[in-house]
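This briefing gathers computed features of one protein chain, grouped by topic for a reader who works with models. Please read it alongside the sequence and the coordinates shown here.

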Amino acid sequence: MNQRLTDRVAVITGAGTGIGVGIARRLAQEGASVVVSAASSIQGAHDLADEITASGGSALAVQADFRDPTTAIDVVATAVSNFGGVDVLVNNAGYTLDKPFLETTPDDWSSLFNINVQAMIASAHAATPHMIERGGGRIINISSVHGGLHANGHVIYGATKGAINAFTRALAVELAPHQITSNVIAPGAIYVERYDRDNRDLEAIRTSIPNQRLGYPEDIAGAAAYLASDEARYITGAVLYVDGGVTSAMAVTD
């Protein structure tokens with residue numbers, strides 16, 4: 001494994017299960033000290049931190065419920081107090097709402113935007129001064145193909161992902177003079193715990209993907225490690241789709 005992130009400190013939110021675990025494990029393997037946060041899946045975050053530490057790395061787990069976006073500040077503060085700063089911020093925490101628009105409520109809207117967008121803004125706001133002190137940094141925001149492609153039942157969710165894309169690009173422009181890059185990874189169908197809930201037809205999903213397979217957290221982790229490294233120092237404001245070709249395929253073929 002490359003050691004592209006030696007002496008870097010990385011914060012990964014939503015790293016108790018799934019994509020966040022894959023990203024944190026990969027960044028640690030590449031030499032970063034990592035702080036991982038989770039809410040209901042905090043035991044998974046503690047298990048991950050123990051795994052990384054046992055393999056010779058440095059990791060801490062922090063419980064953070066991003067229904068209150070200000071908790072993002074505490075996660076960043078933990079990284080600073082324990083490891084001396086922040087070089088990489090991966091905003092992965094979020095959740096999906098699958099509900100017809102006319103059945104959604106104001107509580108649905110505020111809750112989803114708090115976790116998916118406002119907590120991300122709070123994390124970036126807290127981490128940026130520390131990155132400036134260290135001469136630069138990397139902000140990687142996890143969005144979704146739903147930020148540009150839309151499906152019934154995902155109106156509010158898609159709106160939050162579109163907001164993430166817009167926020168990230170605007171932030172890239174403002175922070176570029178500080179040598180801080182700001183990019184999006186937009187996953188497609190990634191197989192994680194509970195992905196096949198509600199009796200999803202995984203075979204139908206697989207065959208609808210040009211690549212003819214579901215993705216895995218490792219696919220997102222590789223993209224995150226690249227964007228976190230110096231190899232990507234001139235890439236900012238980008239939306240990187242990791243989706244097996246879904247966003248490149250026409251729905252109508254004739």
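Q212 counts as partly exposed, because its relative accessibility is 37%, which lies between the limits of 20% and 50%. The structure is a predicted model, and every value below is computed from it.

**Backbone angles in two loops**

- Q212 sits in the loop that runs between α6 (202–208) and α7, and its phi is near 65°, a positive value in a residue other than glycine.
- Q179 also has a positive phi, of about 60°, although it is not a glycine, and its place is in the loop between α5 (155–175) and β6.
- Q179 counts as exposed because its relative accessible area is 51%, and the limit for that class is over 50%.
- As background to both entries, most residues other than glycine have a negative phi.

**Nonpolar cores**

- The largest nonpolar core has 36 residues, and those with the most contacts inside it are I12, I23, L27, V34, V36 and I185.
- Two or more residues of this core come from each of the elements β1 (9–12), α1 (18–29), β2 (33–38), α2 (42–54), β3 (59–63), β4 (88–91), β5 (137–142) and α7 (217–228), and the largest share, seven residues, comes from α7.
- L27, leaving aside residues up to four places away in sequence, touches L5, A10, I12, A32, V34, V88, V90, A224, A225 and A228.
- A second, separate core consists of 30 residues, among them V9, V76, M131 and A186.
- In soluble globular proteins, nonpolar side chains tend to be buried together.

**Strands β4 and β5**

- β4 and β5 pair in the parallel sense over four bridges, and N141 in β5 is the bridge partner of N91.
- β5 is mostly covered, with six of its six residues buried; G137, I139 and N141 point one way from the strand, whereas R138, I140 and I142 point the other way.
- In a regular strand the side chains alternate between the two faces of the sheet.
- V90 lies in strand β4 and counts as buried because its relative accessibility is 0%, with the limit set at under 20%.
- Apart from neighbours within four places in sequence, V90 is in contact with V11, I12, T13, I23, L27, I140 and I142.
- The C-alpha atoms of V90 and I115 are separated by 14 Å, and these two residues are 25 residues apart along the chain.

**Buried threonine and serine in strands**

- T181 is in strand β6 (residues 180–187), and T181 counts as buried because its relative accessibility is 4%.
- Beyond its neighbours within four places in sequence, T181 is in contact with G137, R138 and I139, and also with A232, R233, I235 and T236.
- S33 is found in strand β2, and S33 is buried because its relative accessible area of 16% falls under the 20% limit.
- S33 touches R8, V9, A10, S58 and F83, when residues up to four places away in sequence are not counted.

**Cavity and pocket**

- By the rule applied here, the count comes to one cavity of 30 Å³ or more, and the largest cavity has a volume of about 40 Å³.
- The lining of the largest cavity is made up of T13, F66, N91, N92, A93, I115, A119, M120 and S123, and by class it has five nonpolar, four polar and no charged residues.
- Helix α4 (residues 106–133) gives the most to this lining, with four residues.
- The second largest pocket holds about 170 Å³ of space, and of the 13 residues that line this pocket, the closest to its centre are R8, G136, G137, R138 and D230.
- The lining of the second largest pocket divides into two nonpolar, five polar and six charged residues.

Conventions
Residues numbered from 1 in each chain as written. Predicted model: local features only at pLDDT ≥ 70, side-chain atom pairs only at ≥ 80, totals over all residues. Heavy atoms only, no water. 1 Å grid on protein atoms, 1.4 Å probe; cavity = no way out; pocket = protein on both sides within 12 Å on 5 of 7 lines; lining within 4 Å. Points joined across faces, edges and corners; volume = space filled by probe spheres on them. Nonpolar A, V, L, I, M, F, W, Y, C, P; charged D, E, K, R; others polar. Core = buried A, V, L, I, M, F, W, Y, C linked by side-chain atoms within 4.5 Å. Buried < 20%, exposed > 50% of the residue type's maximum accessible area, 1.4 Å probe, protein only. Contact = heavy atoms within 4.5 Å. Pairing = 2+ DSSP bridges.
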